[in-house]
Amino acid sequence: MHRNRPTRDIDESELSVTEPKEQAAGVTAVAVALKRAVEEMGVVRTARTLARVNQVHGFDCPGCAWPEPSGHRRPAEFCENGAKAVAEEATLRTVTPEFFAAHSIEDLADKSGYWLGQQGRLTHPMVLRPGDTHYSPIEWEDAYRLIAEHLRTLATPNEALFYTSGRTANETAFLYQLLVRSYGTNNLPDCSNMCHESSGTALTSSIGIGKGSVSIDDFEAADLIIVAGQNPGTNHPRMLSALAGAKAKGAKIIAVNPLPETGLLGFRDPQTVKGFTSGVSIADDFLQIRLGGDMALFQGLGRLLFEAEDAAPGTVVDREFVDAHCAGFAEYEKNVRAVDFGTVREATGLTDDELGRTARLLAASKNIIICWAMGLTQQAHGVATIEEATNLLLLRGMIGKPGAGVCPVRGHSNVQGDRTMGIWEKMPDSFLDALDREFGITSPREHGFDTVNAIRAMREGRAKVFFGMGGNFVSATPDTEVTEAALRGCALTVHVSTKLNRSHVVHGQTALILPTLGRTDEDLHGGVKQQVSVEDSMSMVHLSTGRLKPVSDQLRSEVAIVCELAQTLFGADHPVPWAQYQRNYDKIRDAIARVVPGCADYNTRVRQRNGFVLPHPPRDSREFRTTTGKANFAVNELSWTPVPEGRLILQTLRSHDQYNTTIYGLDDRYRGVHGGRKVILMNADDIAELGFTDGELVDLISEWTDGSERKVTGFRVIGYPTPRGNAAAYYPETNPLVPLDHVAARSNTPVSKAVTIRLERHLHVGQPS
């Protein structure tokens, strides 16, 4: 099927700019969502599919991990970008062997990621052998034998890397890590390494578990919600409904972000009468902070809270909670009382009045939630920043009570579940011991490579096989030129995928593409319909059931791919019952129940209407399983991101028409960018001071501490209300600017929100230099 397959690629000369929008969602979002869905799926398929998104007996949205409400679910329990994600997966467009015969690797390598993704669903396993110019079909059994032969010839299992995307369901993730550990390595890099690793690192140190402590119901019980370093209107729009519900109950909401984000300023819920008229103003206050200034903000607020306690003893610090449940309080108090407000103002760009207003709300509120996303995690001091936010909540006793707590808002739909199921290069011995007892294997104990270290290992020839379970590794990772060269140095690259992407054309000496079922597809084994399960960003685990007929009889589920590969690799005598698991996913969940903490009686509990919630000791009983046995106040030296003279600090971000590396379209209508993607958003005063003009084309050059530089070309300057010295541009187009070694302390997360760049005038072809 070639339904409406686009033939034109992005033409940046067609880019146009309008004024940014003042309100998000509304009727326009409905119209855009339906238009995209019908273009990809047709009218009937659109109606049947969207009616099942995030419903009790439907399928989990393949987009973000925002939870479903625990009570009544609305008929349209999805957002505009969720509808786009579903349309991308459930498209009737197909990429067949004939497509690959007509398009050489050289031809495909010249296409943008947007064009590649728009071609449709992959239908057959394909192979690219050394010297080939085109991918060609391969039988599944031959593909498995090829992978097994490569894995068996490695000098050590640690020469293989097994990457995972956050869309992989719990059953697949559990079996995938079981295969990898049975093979003999912990090299399990995943997308969380690049996103919320800083959150997990900070929270594990502070409260003993690397997950958020709030539920969706807590939002309506909160009276103050701080949303920092986050753009819900684009990245997880259903969060706006929860924020609007909190406002209706009287909560105050503070937005902390370098850019004014439309969704946090105004929201028109298309499923309410008001959404068709005036909408809701979400943020009561907008703190337009400088990039990298959040740690200074939280420390400055800490000092102000202690000063408020001095003025009214016993009214601000929750002494009962601190004394009973916390360690390190005195050291924290000493540290933040010494914070210099001049430094706080310089680092944040905020005024004393803005800081004071926020501190007064923190001091007066009874139930406080702090939410954050990549704006905090992808900083060099991201871990410390999140610890400082958590310090404020501990100071006020805001862990383990209704309407209060930490809320890292994760992106991909099951990225948190993958980690629960064992997708981590540093799983604790207790998990590995349980795995070994259950299956009679011997799991390796040496820690494996995370994403950054996996790229380094490939670059240095220490890793020779790359296996990607979903995702688009090339476009998701930093330092694109280095990453692509690293992958091309591999003997074998394998990608389990639903759609064509850039990673398929940046290949090892031998390359395989294995087409898999998506979240929307019916998964039948022996005529029996199978279900998978996922965990949302608030620790709820629930079932997901696809119902669409797959576009090809050659598609196999991720579970089937793992099980069949394992049988080929290990043989019939392996102690894990791979064939049984492939036939019946309930058997996988029975094993999960015996191995994974909190998953007892999995099959029964996951079939409840809303599934089940995993245990969270700080939330459930104020139990903190840290090194001290208590919640730990962190003490951090204040760090922030100054702007060198003549330079800018760049953050990479998504447009409204994309989700992670998937580009749905070319309109970021909330920011007023249409028809293209190569733009840089800058403060008007910076544009003038640096000698450029609005609309001019420039090249962006990043500067790293080792003296190296990286460059992307032909970006259009757009005047935008950013803080002075800060700029923003879309990824993956600007991923080449992020140095591989520019990582967050302790989490090793790439620092994509604080890249030092300079601008140079773009020289057109034939233009004299």
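Buried, for a residue, means under 20% relative accessible area. With that word in hand, here are some close-up views of this predicted model.

**Figure 1. Tyr 163 and Phe 473 form an aromatic pair.** Let us start with two rings. A pair of aromatic rings is described by the distance of the centres and the angle of the planes. For Tyr 163 and Phe 473 these are 4.9 Å and 80°, an edge-to-face pair. Phe 473 has 1% relative accessibility and therefore counts as buried, and Tyr 163, at 2%, is buried as well. Tyr 163 belongs to strand E7 (residues 160-164) and Phe 473 to helix H23 (residues 473-476), so this pair ties together parts that are 310 residues apart in sequence. Across the whole structure, the search finds 21 aromatic pairs.

**Figure 2. Phe 306 and Tyr 332 make a tilted ring pair.** Here the ring centres lie 5.9 Å apart and the planes meet at 50°. Phe 306 sits in helix H13 (residues 294-311) and Tyr 332 in helix H15 (residues 329-337), so the contact ties together parts 26 residues apart in sequence. Both Phe 306 and Tyr 332 are buried.

**Figure 3. A ring cluster includes Trp 115.** Ring pairs link Trp 115 with Phe 99, Phe 100 and Tyr 135. Look also for Lys 111, whose charged end sits over the ring of Trp 115, 4.9 Å from the ring's centre. Elsewhere, Arg 654 lies over the face of Tyr 659, at 4.4 Å from the ring centre.

**Figure 4. Strand E13 (residues 368-372) is mostly covered.** Five of its five residues are buried. In a regular strand the side chains alternate between the two faces of the sheet. In E13, Ile 368, Ile 370 and Trp 372 point one way, while Ile 369 and Cys 371 point the other way. Which strands are joined to E13 by bridges? Strand E8 (residues 224-228) runs parallel to E13 and is joined to it by five bridges; Trp 372 is the bridge partner of Ala 228. Strand E14 (residues 405-408) also runs parallel to E13, with four bridges between them, and there Ile 370 stands opposite Val 406.

**Figure 5. Arg 488 and Glu 484 meet in a salt bridge.** Side chains of opposite charge can pair when their charged atoms come close. In this view, the N to O distance is 3.6 Å. Both residues lie in helix H24 (residues 480-488), four residues apart, about one turn of the helix. Is Glu 484 buried or exposed? Glu 484 is buried, with a relative accessible area of 11%, whereas Arg 488 is partly exposed at 40%.

**Figure 6. Arg 556 forms a salt bridge with Glu 564.** The closest N and O atoms are 2.6 Å apart. Arg 556 counts as partly exposed, at 22% relative accessibility, while Glu 564 is buried, with a relative accessible area of 15%.

Figure 7. Glu 703 is partly exposed at 22% relative accessibility, and Arg 647 is partly exposed at 27%. In another spot, salt bridges that share partners join Arg 36, Glu 80, Lys 84, Asp 657 and Arg 669 into one network. The count for the model comes to 54 salt bridges.

Terms used. Residues numbered from 1 in each chain as written. Predicted model: local features only at pLDDT ≥ 70, side-chain atom pairs only at ≥ 80, totals over all residues. Heavy atoms only, no water. Salt bridge = Lys/Arg side-chain N within 4 Å of Asp/Glu carboxyl O. Helix = DSSP H or I, 4+ residues; strand = E, 2+ residues; numbered from the N terminus. Buried < 20%, exposed > 50% of the residue type's maximum accessible area, 1.4 Å probe, protein only. Pairing = 2+ DSSP bridges. Phe/Tyr/Trp six-rings, centres within 6.5 Å; stacked < 30°, edge-to-face > 60°. Lys NZ or Arg CZ within 6 Å of the ring centre and 35° of its normal.
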